[in-house]
Amino acid sequence: MSLTKTQSVAEIKARNKELIAEVLEVYPEKTAKRRAKHLNVHEAGKADCGVKSNLKSIPGVMTIRGCAYAGSKGVVWGPIKDMIHISHGPVGCGQYSWAARRNYYIGTTGIDTFVTMQFTSDFQEKDIVFGGDKKLLKIMDEIQELFPLNNGITVQSECPIGLIGDDIEAVSKAKSKEFGGKTIVPVRCEGFRGVSQSLGHHIANDAIRDFVFDKMDPDAAPKFEPTPYDVAIIGDYNIGGDAWSSRILLEEMGLRVIAQWSGDGSLAELEATPKAKLNVLHCYRSMNYISRHMEEKFGIPWCEYNFFGPSKIAESLRKIASYFDDKIKEGAERVIAKYQPLMDAVIAKYRPRLEGKTVMLFVGGLRPRHVIGAYEDLGMEVVGTGYEFGHNDDYQRTAQHYVKDGTLIYDDVTGYEFEKFVEKIQPDLVGSGIKEKYVFQKMGVPFRQMHSWDYSGPYHGYDGFAIFARDMDMAINAPIWKMAKTPWKGVPKPNLIAAD
Amino acid sequence: MTQNAEHVLDHFDLFRGPEYQQMLANKKKMFENPRDPAEVERVREWAKTPEYREKNFAREALTVNPAKACQPLGAVFAAVGFESTIPFVHGSQGCVAYYRSHFSRHFKEPSSCVSSSMTEDAAVFGGLNNMIDGLANTYNMYKPKMIAVSTTCMAEVIGDDLNAFIKTAKEKGSVPEEYDVPFAHTPAFVGSHVTGYDNVMKGILEHFWDGKAGTAPKLERQPNESINFIGGFDGYTVGNLREIKRLLGLMGVEHTILGDNSDVWDTPTDGEFRMYDGGTTLEEAANAVHAKATISMQEFCTEKTLGLAAAHGQEVVAFNHPVGVAATDRFLMEIARITGKGIPEELARERGRLVDAVADSSAHIHGKKFAIYGDPDLCLGLAAFLLELGAEPTHVLATNGSKAWAEKVQALFDSSPFGKDCHVYPGKDLWHMRSLLFTEPVDFLIGNTYGKYLERDTGTPLIRIGFPIFDRHHHHRYPVWGYQGAMNVLVWILDRIFDEIDRNTNVPAKTDYSFDIIR
């Protein structure tokens, strides 16, 4: 299906440049000028991908991006399981994000854990007119009465909060005091702040710093005896169990995971993290801020890793081990060797079915680069990629470690651009989100959701790679894709000799 | 190691292996600072009690697990029912990402919609420039025939004036002067998604009927024999509207469906992505002013729209998501009365088949207690059908139900001996429903996907009817209106009843004497 296979890199580059010029033609001049800066063809050896990023989306173009609330409540805070996260404002935001992200956790929901619930202040007109602080005070009382085993509360601000001048900080402070120092975190993640989810991540990170770390008693007795091998997993949201299939590897190599941020995480784990010897960071984009803070304040080094696909997993296990002694280094080798037969079997089974297939990605966080290695382990090639809300440091990492010469790069892609790119490039697979899924499937292009793993997963770690490989195979090689075209339509008419 | 290449285990099974179980137990014990299990158990039991219910129902400020969404969602639903129309939501962009995801998860279809992407500077200075640029971009990129503008709460709080903004945008050349840009203010902090549907439907009709915001002469109504038909915000819109077209076709009724979403949310996979498909044409929307009557299938979804139609001299008739024999009878007889057309024998036979099916199966439903939650009209339609089946709709709850709605539900209860012990709960949420199910148990629960949490916690079997349905596929393709639609609902209910009977009678040497092969 793919057109790229038979082309040289020079030809691919020329075609991609042409494609970019072609999509820009649809825009009014001002918009074309702005969008041009977000589209590029990657040149090997360059320090970044040559695109502008983390800028405002253009009105009316159908951006795929979300908002700061989505970055805070939906990503960073929402998975902390023993706290209650109030979607503060009108009902919709909490409703649309209710249990949509599959942050797996263990707990008795509604009693000691609350992730898959929707707590909202359900703002009415009077709350907008008179302010919502009194309602928020009452909400906290009602939460304490009806959900007595909650370990803390966060206030996730929706758009109106910052516009009507509510003082959620004062409410949180007062209630925290009243409830004997309970952790209550006001988060200023109103949806209009910033240009995407990204600022919401940052604001949420800062809220952990200010309202969890800074409120802790520095003299409190540790809840556990520290060891030299204590690490925290940062930036894994346990979608489909990703953090669990990662944690098991770290533990098998001899490390002790004292906290998960934030998938299946708890307040106690957040509070314990300053005791870690190393923070291992998966989603750099959403949690580099708190990692840097912990480095500065507590002297904890942090190390990025990539648990997609055996090549990157082995590389990452060795990198993490390099921060520790020989015992851990040997542990890493032992883990790599243990899973080698499984990886060999997975690749032997799936690579012949996927070899040479091309992929186009458009995702958030770390995935536009991190999953490339996993595809390559299966003999597949990523021919286009882009970030929903990446910054330049994401594109630097992408350029320096992941993408090939000539890869099409599209930042904050618009619906129109993505559709045109896929239509022309005809990849064998598109990996993006729910809003994009059906667009491409209608076009007859196999698709996997690469935010939610299409309700499958985990994809992290060795156990996850087996699932990843199976899922890519079932997407691309599903018999149905051969049937998308109506057989009696569009078939060239046989030459009618008599009519000549 | 449990994973293997031949039989790949995913999250369903992988984490049940001993390595993971040990790991998770250890995580909890060592690092989560867990509550004492006895305390968790005590609170879990306490949360089932009448005492807890009383505290729960005393809530004044907190909402937990509501069964409603915000106005802008309904706004988008209404707008995409018009031919080649793109909804343009003025406000923060994250909202649009949410609506699109929400609809795609329910319909398993693309959902196209744009945002004016307002950010902090727009919060300070207003979103006029976002409107000007946004309309120009949307118009050029997606070549819609119409752009329907609605708002998020952000734009409403700062008080952006859509009428003035659109006029200015046209003056600045974003779209041609005569181009159709109907609009409606849809604040998220008023009403719910059904209100948003109503506001946008009214906004679009007002645009065409009443002079396009002062830019064209108002249409002069010249009554004809056609009738308008509005489905309302409906998770079954695809199946329902197609069924309605079939019924009206059989009767030979000249009609216009206003807001026809049945094609745009059910496009084929044939190699082409259709951003637009089907829908009410703009010409039909304009000509709808001349109709003899406007019929709404959902009264509480179309209160203002019907007001507009009535003000233009049309007869208006509203139903409450009619499901079942009597409700469909009333619907068809009203159509017949208004249009003077007869009801063909074919429909009498369909009716007879539904009565036949109910008679065949009613012994299994009669006397069963149900809890229902959902949008106000759907609750009324389903409750009426259950009463018809001899079942009891014991708890009927709508988070977006008003006092007027509650009175209507009570009147329905009062009309049947099976409604004697039934209660209506307007403005309550699914955490209230949880207390109801614990303290006054029922046999079955009817609701949307989120009802599965209630099913898990209370053990009440869930029959999925409503919106959204995320975790079952393709039910939106089936109608629930018409005699054939009621047949679908009957079968869904019966399937679950029989599944439950089988599940409760399958322990060998204990209960399996009732594990019957014929039921």
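**Exercise 1. Is Glu32(B) buried or exposed, judged by its relative accessibility?**

Before the solution, some ground rules apply: this is a predicted model, in which local features need pLDDT of at least 70 and side-chain atom pairs count only at pLDDT 80 or more, while totals for chains, interfaces and linings use all residues. Residues are numbered from 1 along each chain as its sequence is written, chains are lettered from A in the order in which they are written, and side-chain values use heavy atoms, with hydrogens and water left out.

*Solution.* Begin with the cut-offs: buried means under 20% relative accessible area, exposed means over 50%, and partly exposed lies in between, with a 1.4 Å probe and protein chains only. Glu32(B) has a relative accessibility of 8%, so this residue counts as buried.

**Exercise 2. Which salt bridges does Lys27(B) form with Glu32(B), Asp264(A) and Glu269(A), and which residues share one network?**

*Solution.* A salt bridge is a side-chain nitrogen of Lys or Arg within 4 Å of a carboxyl oxygen of Asp or Glu.

Step 1. Within chain B, the side chains of Lys27(B) and Glu32(B) meet in a salt bridge at 2.6 Å, N to O.

Step 2. Lys27(B) also forms a salt bridge with Asp264(A), where the closest N and O atoms are 3.4 Å apart. Lys27(B) lies in helix 2 (residues 18-31) of chain B, and Asp264(A) in the loop between strand 7 (256-262) and helix 11 (267-272) of chain A, so this pair joins two chains. Helices (H or I, at least four residues) and strands (E, at least two) are DSSP runs, numbered from the N terminus.

Step 3. A salt bridge also links Lys27(B) to Glu269(A), with the closest N and O atoms 2.9 Å apart. Since Glu269(A) lies in helix 11 of chain A and Lys27(B) in helix 2 of chain B, the pair likewise joins two chains.

Step 4. Lys27(B) is buried, with a relative accessible area of 1%, and Glu269(A) counts as buried at 0%. Salt bridges that share partners join Lys81(A), Asp264(A), Glu269(A), Lys27(B) and Glu32(B) into one network.

**Exercise 3. How many residues does the contact take from chain A and from chain B, and what area do the two chains bury between them?**

*Solution.* Contact means heavy atoms within 4.5 Å, and the contact takes 118 residues from chain A and 102 residues from chain B. Buried area is the accessible area (1.4 Å probe) that two parts lose on being put together, summed over both. Chain A and chain B bury about 9,400 Å² between them, with 63% of it on carbon and sulfur atoms. Met62(A), Tyr96(A) and Lys442(A) supply 10% of the area that chain A buries against chain B, more than any other three residues. The count of salt bridges between chain A and chain B is 11, and among them is the one in which the side chains of Lys30(A) and Asp133(B) meet at 3.1 Å, N to O.

**Exercise 4. Where does helix 16 of chain B bend, and which of its residues are buried?**

*Solution.* The bend at a residue is the angle between axes fitted to the seven residues ending there and the seven starting there. Helix 16 of chain B bends by about 40 degrees at Ala359(B). Its buried residues are Leu347(B), Glu350(B), Leu354(B), Ala357(B), Val358(B), Ser361(B) and Ile365(B), and what covers them includes helix 12 (237-251), helix 15 (325-339), strand 9 (369-373) and helix 21 (482-503) of chain B.
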